[in-house]
Amino acid sequence: MIKITLPDGSIREYERGITSLQIAQSISEGLARNVLAAEVDGQVWDATRPIEKDASVRLLTWNDKDGKSTFWHSSAHLMAEALEALYPGTKFGIGPAIETGFYYDVDFGDRPFSSDDFKKIEDKMLELARTKSDYVRQQVSKSDALAYFTEKGDEYKLDLIKDLADGSITFYTQGNFTDLCRGPHIPNTGFIKAIKLTNVAGAYWRGDESRKQLTRIYGVTFPKASELADYLHMIEEAKKRDHRKLGKELELFAFSERVGMGLPLWLPKGAALRQKLVDFLQRAQMKAGYEPVVTPHIGHKNLYVTSGHYEKYGADSFQPIRTPQEGEEFLLKPMNCPHHCEIYKTKPRSYKDLPVRFAEFGTVYRYEQSGELHGLTRVRGFTQDDAHLFCRPDQVKDEFKKVIDLVLYVFKALGFDDYTAQISLRDPENKGKYIGSEENWLLAEAAIVEAAEEKGLKTVTELGEAAFYGPKLDFMVKDALGRKWQLGTIQVDYNLPERFELEYTGSDNQKHRPVMIHRAPFGSLERFVAVLIEHCAGEFPLWLTPEQFIILPVSEKYEEYAKKLLESLNNTDIRGLIDLRDEKVGRKIRDAEVKKIPYMLIVGEKEVENGTISVRKHGEGDLGSMTIEAFSKQLIEEITV
RNA sequence: GCCGAUGUAGCUCAGCGGUAGAGCACUUCCUUGGUAAGGAAGAGGUCAUGGGUUCAAGUCCCAUCAUUGGCUCCA
């Protein structure tokens, strides 16, 4: 007998060789029907794999992340089986589960493939799923594994096996399909009830451009048809919220081929929104002791040679601009920090002066590969809400904590309630790719970890995700549809102060090196606005809305009253407009609703007589009539953040 | 940058070898209307660009550009 510890702490005794599935059955039939896999001593296993010794077991269902990914990984195998049945001779690369769904990289040889083939594959998959074939795990020797795939003629699998240690190789078979696979898998294909192939794309074998390009087929599957329907609905909703679509419809920004790809044009309404964000953060930063600075859009090449950016990114950047007479080389500013370092150096600094905090909404230009541009989230010219804090080593942690406070304040004001922080540290395996001394890195990493801990942030730590000059703390927010976005970032930098030979005079009258912290709560205004649009589906918080109200006269007879009304309501914080078109009020309301204008003020005979307005709120409907003063007061209260 | 898809009116799209279409938006006129589309008329396109095939090319082929889904990259 062996002892199995369950997540609730209870310990049950079973015969040696019991499977997780049988454990589930001993608890309840319902549970057993839903078990996809199990976590055995921290490792995800097949639910059907025998357990040979005492272990702690957590049964995984569709509600667990690992349960889902097991399900999707098994779905990838099911798709491969369908592909092999439909297109004999297809070779297979890798087929993992991804955040939502799975993909399989396959080589169809010369056969053309397009999304038109999806239906056929989906049908075949469903047919195979209904056979409820078990996923059977089998340990094989390296030579047998090689022999199998040599026989099958699948060079990709052979390439994979080459790198595997003999003794740790497993095959999984379901139906007529056998694949090299570490597992785990769901018990049988019958769990897969709803299937949707989503898209097809090219992907290089092992992500290497010099190797053959395979066809990557993406799909997603569900244990219930209704879940697929929900998923498709979510996709529809995401499409409706796409910031590129809403940005066009709400006249926030545009792109022009003539201006150049990846270079956004902010239209009046978008610029108004953007300006409000800038004002908002500017005010918060002034309170927090930041000093605004302004630097030019280009900088001498030597500046970036000094900073190290030229060496690292020069070849992949926009190429230098040369002055016609002197032949001096200037770069479009890809970063604000080198400029800010020079500002720091304009005068001797005392330890008493630190920290100094230079803030700039600095527009930077970076070459992004053409295929990578995407709406406002990936552009070639963008404005960072950048600031650099220069402080003493003993101030780092404190400053870091203050920045965390600022970032959280910004998120709260903008309705991002669900966020996590990612601590990005060095890749311990590959320390050579980072600039800076071991000692400095250890200091910086400790400061971040401690600050995040003391602020009680929900964090995940990623090794190898640090910037080349220092570790960082990135904030990821979840939007209204549950999608994750990376926004704010805080980065410790012991490196630039070194390169720019920044100094301050300590209380010991000796020169010391300050520490630099880069930080941007929004990240970039472009990206932030994109995320904000999708988060709130274009219905911005009132204080950010470019046009907060629209006056709708019932007929042209009330035009005068409407104009006076506009004059009395408009001020620096509240902006509105009048719809003077020769249309019925129903039409004007519809158009205002479509434009997502928060308040509609309807004025007609009644209102003129009583000196009131009839207020309608976007998405809610008629609020009844009120006095102008009452409305104005309500609006001001609502926009105060 | 690489692979695939797409590019027709301001917007959303139909047409896929034989005289450029629809809805919305726009302009003008009628209508003076009370909480999500009043009526009529009009204007608007070298069918992304450049080549080619054809008696004839938005329509078929090639190239370029842009957009887009991925890959790769991201200070």
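In the model, a polar side-chain atom of Gln369 lies 2.8 Å from a base oxygen of RNA strand B, a polar contact being a pair of N or O atoms within 3.5 Å. The structure is a predicted model, in which local features need pLDDT of at least 70 and side-chain atom pairs count only at pLDDT 80 or more, whereas totals for chains, interfaces and linings use all residues. Residues are numbered from 1 along each chain as its sequence is written, chains are lettered from A in the order in which they are written, and side-chain values use heavy atoms, with hydrogens and water left out.

A sugar or linking oxygen of RNA strand B is also found 3.4 Å from a side-chain N or O atom of Asn199, and such an oxygen lies 3.4 Å from a side-chain N or O atom of Glu257. Around RNA strand B there are 46 residues, of which Met335, Glu372, Asp582, Arg587 and Ser614 come nearest; a residue is near the strand if one of its heavy atoms lies within 4 Å of it. Of the RNA strand B atoms within 4 Å of the protein, 49% belong to sugar or phosphate, and the rest to bases. Helix H18 (585-594) is among the elements that each supply at least two residues of this surface, and the largest share, six residues, comes from H18; helices are DSSP runs of H or I with at least four residues, and strands are runs of E with at least two.

Elsewhere, three strands form an open antiparallel sheet in the order S19-S21-S20, where two strands pair if DSSP finds at least two bridges between them.

Methods
Polar contact = N/O pair within 3.5 Å; in protein donor to acceptor, adjacent residues only side chain to side chain.
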